[in-house]
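Open the model in your viewer and keep the sequence panel beside it. The tour goes from the whole chain down to single residues.

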Amino acid sequence: MRSVLIWFIAFLITALSAVYQRVTGPTYPVRGSIKLNNREIKYKFPRSHVSSKDCKIIIRVNDKNIKGKLYFKRY
């Protein structure tokens, strides 16, 4: 019974640590929204990308006249 309790506590600590890292870590996505022409546009920018390909950034808007540029600077 005691070993089950120790395993449960270890699992709980691990799970809580993973959630904490995901929420506060340096690689969490930047999320937000902006109002443009009385419409709210939501965005999400990933902070890390594991791949040999480029990381796609997609912002969906219904108006075809809206254009934008994304500037990236590595720190």
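Helices (H or I, at least four residues) and strands (E, at least two) are DSSP runs, numbered from the N terminus. This is a predicted model: local features need pLDDT of at least 70, side-chain atom pairs count only at pLDDT 80 or more, and totals for chains, interfaces and linings use all residues. Residues are numbered from 1 along each chain as its sequence is written, and side-chain values use heavy atoms, without hydrogens and water.

**Whole chain**

Colour by secondary structure. Show the C-alpha trace: its spans along the principal axes are about 65 × 35 × 20 Å.

**Surface**

The chain exposes about 8000 Å² (Shrake-Rupley method, 1.4 Å probe). Carbon and sulfur atoms supply 58% of that area. How many of the 75 residues count as buried? The share is 4% (buried: under 20% relative accessible area, 1.4 Å probe, protein chains only).

**The strands**

Select residues 30-36, strand S1, then residues 39-45, strand S2. They run antiparallel and are joined by seven bridges; two strands pair if DSSP finds at least two bridges between them. Next pick Lys35: opposite stands Glu40 in S2.

**The turn**

Finish at the hairpin that S1 and S2 form, with two residues between them. Select Asn37 in the turn; its phi is positive, about 55°.

Technical notes
Buried < 20%, exposed > 50% of the residue type's maximum accessible area, 1.4 Å probe, protein only.
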